[in-house]
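I opened my notebook to go through a few local features. Here is what I looked up, entry by entry.

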Amino acid sequence: MWPTRLAEGPLALRPLRRRDGAEWSAVRARNAAWLAPWEATVPGGARSVLTFGGYVRELNRQARSGASRPWVIELYGRIVGQVTVTAITHGSLSSAAIGYWISRDVAGRGLMPLAVAMAVDDCFSSIGLHRIEINIRPENGPSLRVVEKLGLRDEGVRKAYLHIQGAWADHRTFALTTEEVPRGLLERARALPHDLG
């Protein structure tokens with residue numbers, strides 16, 4: 001069911017709203033150089049022409065159709081990042097992928113492992129998925145630490161998996177099934193050091 005809001009103390013995942021435009025855009029602008037090495041691009045340089053309102057409508061359309069679960073990450077009511085579940089597939093695959101970004105000023109405080117764990121548990125418990133994967137560039141140390149802390153299984157390298165900054169980039173795939181966390185991934189994440197202050 002969408003919209004869905006998840007919370008762990010002052011950390012919350014919630015749908016992006018049209019009125020978030022100025023704040024979301026400011027966070028993205030402040031973090032442009034920090035995020036650029038990891039951001040997907042489109043071959044041939046085609047760029048989206050969606051307005052922010054159009055972007056929000058498209059995210060919500062995909063969420064209502066069951067194809068994705070796109071959340072902004074809030075800390076004490078302030079947008080600090082985003083976590084998005086994509087490629088939701090039911091049936092014999094029953095799987096999805098998670099992508100995320102966080103503002104540099106709060107990176108390294110253990111917030112992203114908590115946010116990812118919240119999203120994974122929602123996928124397993126609320127929508128009944130069996131497997132979640134996260135694909136990360138081998139050079140992306142901060143993201144690799146997130147999956148390492150959460151104990152996701154390294155499934156190897158996917159060659160030329162995703163288009164990043166104008167070229168096809170290799171990614172390492174990490175995954176988790178519901179049987180591996182019978183009491184939820186959030187329980188594991190809560191045991192990790194984090195600073196919600």
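**Entry: alanine 87.** I started with alanine 87, which sits in strand β4; helices (H or I, at least four residues) and strands (E, at least two) are DSSP runs, numbered from the N terminus. Its phi is near 50 degrees, a positive value in a residue other than glycine. Most residues other than glycine have a negative phi. Alanine 87 counts as exposed because its relative accessibility is 52%; buried means under 20% relative accessible area, exposed over 50%, and partly exposed in between (1.4 Å probe, protein chains only).

**Ground rules.** I am working with a predicted model, where local features need pLDDT of at least 70 and side-chain atom pairs count only at pLDDT 80 or more, while totals for chains, interfaces and linings use all residues. Residues are numbered from 1 along each chain as its sequence is written, and side-chain values use heavy atoms, with hydrogens and water left out.

**Entry: serine 94.** I then went to the loop between β4 and β5 (95-102), where serine 94 is found. Its phi is also positive, near 45 degrees. Is serine 94 buried or exposed? At 11% relative accessibility, serine 94 counts as buried.

**Entry: strand β3.** I checked β3 (residues 69-75) next: seven of its seven residues are buried, so the strand is largely enclosed by the rest of the structure. Arg69, Trp71, Ile73 and Leu75 cover one side, and Pro70, Val72 and Glu74 the other. For partners I used the rule that two strands pair if DSSP finds at least two bridges between them. β3 pairs with β2 (residues 11-14) in the antiparallel sense over four bridges, and seven bridges join β3 to β4 (residues 78-89), again antiparallel. Glutamate 74 stands opposite alanine 12, and its bridge partner in β4 is isoleucine 79. β3 and β4 form a hairpin with two residues between them, and tyrosine 76 in that turn has a positive phi of about 50 degrees.

**Entry: glutamate 133.** I found glutamate 133 in strand β6 (residues 131-136), and at 9% relative accessibility it counts as buried. Its side chain makes polar contacts with those of arginine 131 at 2.8 Å and asparagine 135 at 3.0 Å; a polar contact is a pair of N or O atoms within 3.5 Å, and within protein one must be able to donate a hydrogen and the other to accept it, while residues adjacent in sequence count only if both atoms are side-chain atoms.

**Entry: helix α4.** Last, I noted that 14 of the 15 residues of α4 are buried.
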